[in-house]
Amino acid sequence: MTLLDMLPSIGKAAPRRVDPAIWPVTTGCDEQGRLCLGEVPLTDIADEFGTPTYVVDETDFRYRARRYRKALRGVEVVYAAKSLLTTAVARWVREEGLGIDVCSPGELAVALAGGLDPVRVVMHGNAKSPDELREAVAVGVGRMVVDSDIEIAYLAGLARRRQRVLIRVTPEIDIHGHRAVTTGVSDQKFGFTLDGGQAARAVQRVLAHPILDLIGLHCHIGSQVTDAALYGEAIRRMIAMMADVRSHHGVILTELNIGGGHGVPYTRGDGELNLDELAAVIEDALDEACAAEHFPRPVVVVEPGRAISARAGITLYRVCSVKTRPGGRTFVAVDGGMSDNPRVALYGAQYTVALANRHPIVSRHLVTVAGRHCEAGDEIARDVELPTDVRPGDLLAVACTGAYHHSMASTYNVVGRPPLVGVARGRVRELVRRETIADLLARDRG
């Protein structure tokens, strides 16, 4: 039995070995005690593709995309490509009826290669170059989110037909998270502030260019948000600004994009943004704000990325060594690390780890799963429980690695990036091959 078999009453009879709130919905265990994903033993994937390897569960990804469309009826769902993107992922996004937001020409190219209609693409970024804007305009990107005065000028000079535009506004909402993922306050690099009239002046600049069609406002308050009420406050502040635009310019904006950043659990007990609560908050905040301003309801857009892709992914590692320091920690060293998962070093992120190749039959103890790189801070997970007999050659699976792992991987220590393997209904397919030393040397011009 897999976690998917137990939906929607998934919390009532979940396997003890994995937490259904964290692992992909098709996670199961075979008769030999091996963890399986999409009906495929993880040991088989490790044997065929080596380790470390990213594995993404197509069924889980599609399940969460459908959950968004079902829960947020009347809201446009646009997948945030930055969390995880390949041509296969782009195809899943298209087939599930979602739009996509991109932040670079590379992300745009992959989205188009996956069959996304350019009209369904939202282009982001706080430092778009003229060449990047020219390319986006040429392919017909549906909506451009402008982030600076110079970008407005560039876009106006490059557009050859009416270009739909949203202005990114900082709503001055503090999620009280890590500073690297708190983007709703003024003292950070994104958007135009409400305070000081920056956003109002940006509206004037866009409206001064007839070829730019200002259709709405965009905001993004941060990442790993679990309190739906914060989005309600963002809606109220954005509707107030939209009413000001109507009052000063006679223009009615029809689209409000409230970004993404929806929180997901990485370890047992972590919070999660409840989609039903979010739907209610959006509806109530729109009713209240639009009634107060006598403003027509705009179309609301959300941009989840991590909330769709994170739990669909796991990473497989092979144990290389085990060291126990006298009176100190036990370090379980694996064959990957901060080059394939930089989030621990960047944000102090925490993860859930499980033994994947056999059923644990002995007691468990706290260990630190350490990486292979030449940094004392190269850790995969600290103070996680593993069997006391974990040994070299064992296979470990790290949950909730479908977001910001493949997309943020590096070649530190000249280590090639892992492959990305997709699983679905007993089938395995390599979506992105492993990066080899030959690949790395090919870029070195001597």
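This is a predicted model: local features need pLDDT of at least 70, side-chain atom pairs count only at pLDDT 80 or more; totals for chains, interfaces and linings use all residues.
Residues are numbered from 1 along each chain as its sequence is written, and side-chain values use heavy atoms, with hydrogens and water left out.

Helices (H or I, at least four residues) and strands (E, at least two) are DSSP runs, numbered from the N terminus, and two strands pair if DSSP finds at least two bridges between them. An open sheet of three strands has the order β1-β2-β3, and its pairing is antiparallel. Its edge strands, β1 (28–29) and β3 (40–41), each pair on one side only, and strand β2 (residues 35–37) is joined to β3 by two bridges.

A nonpolar core is a set of buried Ala, Val, Leu, Ile, Met, Phe, Trp, Tyr and Cys residues joined through side-chain atoms within 4.5 Å, where buried means under 20% relative accessible area, exposed over 50% and partly exposed in between (1.4 Å probe, protein chains only). The largest nonpolar core has 126 residues, of which Leu42 and Ile167 touch the most other members. Helix α8 (residues 229–249) gives the most to this core, with nine residues. A second, separate core of six residues includes Val78, Val122, Leu166 and Ile215. Leaving aside neighbours within four places in sequence, Ile167 is in contact (heavy atoms within 4.5 Å) with residues including Val146, Phe192, Leu214 and His218.

Just after α8, Gly250 takes a positive phi of about 70 degrees.

The aromatic rings come next. Rings of Phe, Tyr and Trp (its six-membered ring) pair if their centres lie within 6.5 Å, and planes under 30 degrees apart count as stacked, over 60 as edge-to-face and the rest as tilted. The structure holds three aromatic pairs. The ring centres of Phe61 and Tyr79 are 5.4 Å apart with the planes at 70 degrees, so this pair is edge-to-face; Phe61 lies in helix α2 (residues 58–71) and Tyr79 in strand β5 (residues 76–80), 18 residues apart. Phe61 is buried, with a relative accessible area of 0%, and ring pairs link Phe61, Tyr79 and Trp92 into a cluster.

Some details of the backbone remain. The peptide bond from Thr51 to Pro52 is cis, with omega near -5 degrees, and Pro52 has its place in the loop between α1 (42–49) and β4 (53–57). Asp383, in strand β18 (residues 379–387), has a positive phi near 55 degrees in a residue other than glycine, and at 41% relative accessibility Asp383 counts as partly exposed. Tyr404, which is not a glycine either, has a positive phi of about 65 degrees, and Tyr404 is buried, with a relative accessible area of 17%.
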